[in-house]
Amino acid sequence: MVSVSSLVVSDAIADEAPVALASAKPSRKSAHAHHLGHRERLRQRAKVGGLVALPDYELLELYLFRTFPRGDIKPLAKALLARFGSFGGVLGATIEELATVRGVGEAAAMDIKLLHEATLRAGRDKIAKRPVISSWSALLGYVRVALANESREQFRVLFLDKKNQLIADEVMNRGTVDHAPVYPREVMRRALELSSSNIIVVHNHPSGDPTPSRPDIDMTKQIVEAGKALKIAVHDHLVVGREGVASFKALGLI
């Protein structure tokens, strides 16, 4: 004879069984299927709503799908943004800096820098075949992409011809977090080598604040004076920071 109590116990076990099964960890196969489903859903949202509608972490995640064909990439995308502060900060980070984020290997770091270089070249195309002075907004956009998120100070010069078209954009020196040595004679020597009649000086402030410092002003005066003797004009000096771009000409400093 089966007692009522044993039936109650049996029923209780039967009721608890599905709960126990549901709480069990998903298999590796089901986890893989879940991530594949997430990837496809994200791709569909990008296709229907457009890439512009995606938040930064999802846009970065979508890009990194190509580097990591399997697994959950969302935590990595969020970790990169947290470490470098913004999408632009991620792209502007060096390979060595990117490698400090757990999960970023050589392939991922190189792919991110590839995207950064592609962005730079697209911006350079907008100012390469027309007078730089007449495409000022494109120039400002370009220098921000190039320098706003650099962790160390970088001094570069845009060498222009007589028509103010871009001949070359060259990094003349890299420095520390708050200083990059500048040698006016080297700037002018390079301008003569390139047959450049006009230049635009550009450097960044890793602090984020583009306000020109007293050394920035003094250095610019030296470059302007060096150019006068050679009839090479300094059109402007742009100081780039995460908070914007300061123009010496607009500020009345040139």
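Helix H9 (184–193) lies across S1, S2 and S3, and runs at about 30° to S1. Contact here means heavy atoms within 4.5 Å. Axes are lines fitted to C-alpha atoms, for helices over the stretch in contact, and angles run from 0 to 180 degrees between N-to-C directions.

The model is predicted: local features need pLDDT of at least 70, side-chain atom pairs count only at pLDDT 80 or more, and totals for chains, interfaces and linings use all residues. Residues are numbered from 1 along each chain as its sequence is written, and side-chain values use heavy atoms, with hydrogens and water left out.

**Overall make-up**

The protein chain holds 10 helices and 5 strands. These are DSSP runs, numbered from the N terminus: helices are H or I with at least four residues, strands are E with at least two. Of the 254 residues, 38% count as buried. Buried means under 20% relative accessible area, exposed over 50%, and partly exposed in between, with a 1.4 Å probe and protein chains only. Among contacts in the protein chain with a separation of 6 or more, 60% come from residues 24 or more positions apart.

**The sheet**

The 5 strands form an open sheet in the order S2-S1-S3-S4-S5, with mixed pairing. S2 and strand S5 (244–247) stand at the edges with a single partner strand each, so one side of each has no neighbour in the sheet. From one strand to the next, the twist averages 20°. Two strands pair if DSSP finds at least two bridges between them.

S1 and S3 run antiparallel and are joined by 6 bridges. Within this pairing, Phe155 has His203 in S3 as its bridge partner. S3 and S4 run parallel, with 7 bridges between them. Ile200 stands opposite Asp236 in S4. Strand S4 (residues 233–241) is largely enclosed by the rest of the structure, because 8 of its 9 residues are buried.

**Loops beside the strands**

The loop between strand S1 (154–160) and strand S2 (166–174) holds Asn164. Lys162 is found in the loop between S1 and S2 as well. Ser195 sits in the loop between helix H9 (184–193) and strand S3 (198–204).

Most residues other than glycine have a negative phi. Asn164 has a positive phi, and Ser195 has a positive phi too.

| Residue | Phi | Relative accessibility |
|---|---|---|
| Asn164 | near 65° | 16%, buried |
| Ser195 | near 55° | 58%, exposed |

Lys162 is exposed, with a relative accessible area of 74%. Leaving aside residues up to four places away in sequence, Lys162 touches Ser197 and Asn198. Lys162 and Asn198 are 36 residues apart in sequence, yet 7.0 Å apart in space, C-alpha to C-alpha.

**The largest pocket**

The largest pocket has a volume of about 400 Å³. Its lining has 19 residues, of which Lys113, His116, Glu150, Gln154 and Arg174 lie nearest the centre. On a 1 Å grid over the protein atoms alone, a pocket is an open set of points with protein on both sides within 12 Å along at least five of seven lines; lining residues have an atom within 4 Å of a point. The volume is the space filled by probe spheres set on the points.

Helix H6 (95–98), helix H7 (106–128), S1 and S2 each supply at least two lining residues. H7 gives the most, with 4 residues. The lining divides into 5 nonpolar, 6 polar and 8 charged residues. Ala, Val, Leu, Ile, Met, Phe, Trp, Tyr, Cys and Pro count as nonpolar, Asp, Glu, Lys and Arg as charged, and the others, Gly among them, as polar.

Notes
1 Å grid on protein atoms, 1.4 Å probe; cavity = no way out; pocket = protein on both sides within 12 Å on 5 of 7 lines; lining within 4 Å.
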